[in-house]
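Hi there,

Here is the structure I promised to pass on.

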Amino acid sequence: MKTWQTTFTPAAENPYIKEYFTPTSIFFDIETTGFSAARNQVYMIGYALQTDGKIRITQLFAECPDQEQEILFAFLELLPQYDTLISFNGTGFDVPFLKGRCAYHKIPEHLDSFRHLDIYKQLSRYKNILGLSNLKQKTLEEFLGIVREDLYSGGDLISIYSEYAKNAALSSQDACALLKLHNYEDMKGMIQLLPLLSYPRFFEGDFQVASWETSSWNTYEGTKGWELILYVKPNLPFPEPFTCTLGKLYISASRNQTESCTSGSRNQAESCASGSRNQAESCASGSRNQTESCASGSRNQAESCASGSRNQAESCASGSRNQAESCTSASRNQAEPYASGLCRQVTLRIELFTGELRYFYPNYKDYYYLPAEDTALHKSVAAYVDRDYRTQATAATCYCKKSGRFLPQYQDLFSPAFKQNYKDKTSWFELTEAFTEKKENLKKYAMHLLKTEIL
């Protein structure tokens, strides 16, 4: 058995590692000779730990199939120190495969006793929302701008390992390096994918409503429409922006303009290398007004953030290694896949219905329907109406009407609930000051829309 270890230091301000990669959690990934635990073996187990602010990736490599038990024992022995296993499709493949191989070798294991954080499973509902073609690990890494050296899939490497294992002593070290690199980048890539967990967190309600407004817009027919706009802030920022339409809800996530390292707009002027609005003519601009640049506060450094000279290399606009630490504290190659800034603002837009809707009384047997008035009245009042102008109300005619601006809801979350027709599945509630003055109402409604549309 061979063992390799690699240690690196993540950025101190990385909120995703702080949130998920705790000292009691461990990342792991396995490489196998096939998909069936009954007919194939594990030839490599990689795992990652965090201690003292550093991340250490360890790889256990079975140079031949006979060493499978050795790497299984080595991995299982360290697990009692941890309570959470983090993986990519681990609950679907890695864990069942390990359990199968342990059963084959009669090795006791307690893999089901751990809390499992499966990144793949967490993201399974969000492929279309993020505009992804699939949820393969390499696809997700590309979405975050992560570049690999490894060009092979796990399936591609099965034949390479088989040839290597026939005679490890004589086998090419290049083959061994390929096997090691693939597993190492799978491990490191999983850590880099942690920012993606901010998306399911948001859709589960981990955000705050900052403000709201109503806005008008012109329809294709030339009439004026209205929408409610909610500005919300995810508690865990997104690594990449996205836009999508879910039913009647339009979602747009944008980068926090005040923290963007690459844009030159005035709104982004509180640059990442300085916090001052007076330095806000932007990192990317080359004008003399930028002389109090984001990389320094002095006039001597004022030849502009956009310059490519070494003296200006602390500029947010530059892409050099020295500059990467000024804007995001690490390059993309150092497990920080959000070098261009985080998305801290989400806009939710919901089209309002403007016009007349009906409120259907629940106890229709107690009402008369007045066809001439197109409304229902309680019998205690309608008894005084001429019989020729009233009929017994039915469930579909037992209503009163109201005009206004209304918001859609998919269950009667807010009342009174209005409909266009009795059998409509979508109901509406009136947009009132009593609703908007309480942020808990706005968040409750936003969560209702997000959960309903994503399920």
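In which hand, left-handed or right-handed, does α2 pass α3? The crossing is left-handed, a term used when the near helix is turned anticlockwise from the far one by less than a right angle (right-handed if clockwise).

Before the rest, a word on what you are looking at. This is a predicted model, in which local features need pLDDT of at least 70 and side-chain atom pairs count only at pLDDT 80 or more, while totals for chains, interfaces and linings use all residues. Residues are numbered from 1 along each chain as its sequence is written, and side-chain values use heavy atoms, with hydrogens and water left out.

**The chain as a whole**

The chain has twelve helices and 17 strands; these are DSSP runs numbered from the N terminus, with helices being H or I of at least four residues and strands E of at least two. Of its 455 residues, 48% are buried, meaning under 20% relative accessible area with a 1.4 Å probe, protein chains only (exposed is over 50%, partly exposed in between). Among contacts (heavy atoms within 4.5 Å) with a separation of 6 or more, 64% are between residues 24 or more positions apart.

**Two helix pairs**

Back to α2 (residues 68-78) and α3 (residues 90-105): their axes come within 11 Å and cross at roughly 115 degrees. Axes here are lines fitted to C-alpha atoms, for helices over the stretch in contact, and angles run from 0 to 180 degrees between N-to-C directions. From α2, E68, Q69, L72, F75 and L76 meet L98, R101, C102 and H105 of α3. That contact has five nonpolar, two polar and two charged residues, where Ala, Val, Leu, Ile, Met, Phe, Trp, Tyr, Cys and Pro count as nonpolar, Asp, Glu, Lys and Arg as charged, and the others, Gly among them, as polar.

The axes of α6 (residues 156-166) and α7 (residues 173-192) come within 10 Å and cross at roughly 135 degrees. That is why α6 is oblique to α7 (under 35 degrees is roughly parallel, over 145 roughly antiparallel, 65 to 115 roughly perpendicular, and the rest oblique). L157, I160, Y161 and Y164 in α6 meet A175, C176, L178, L179 and H182 in α7.

I26 sits in strand β2 (residues 25-32) and counts as buried because its relative accessibility is 0%. Leaving aside residues up to four places away in sequence, I26 touches several others, including Y47, L49, F75 and L85.

Happy browsing!
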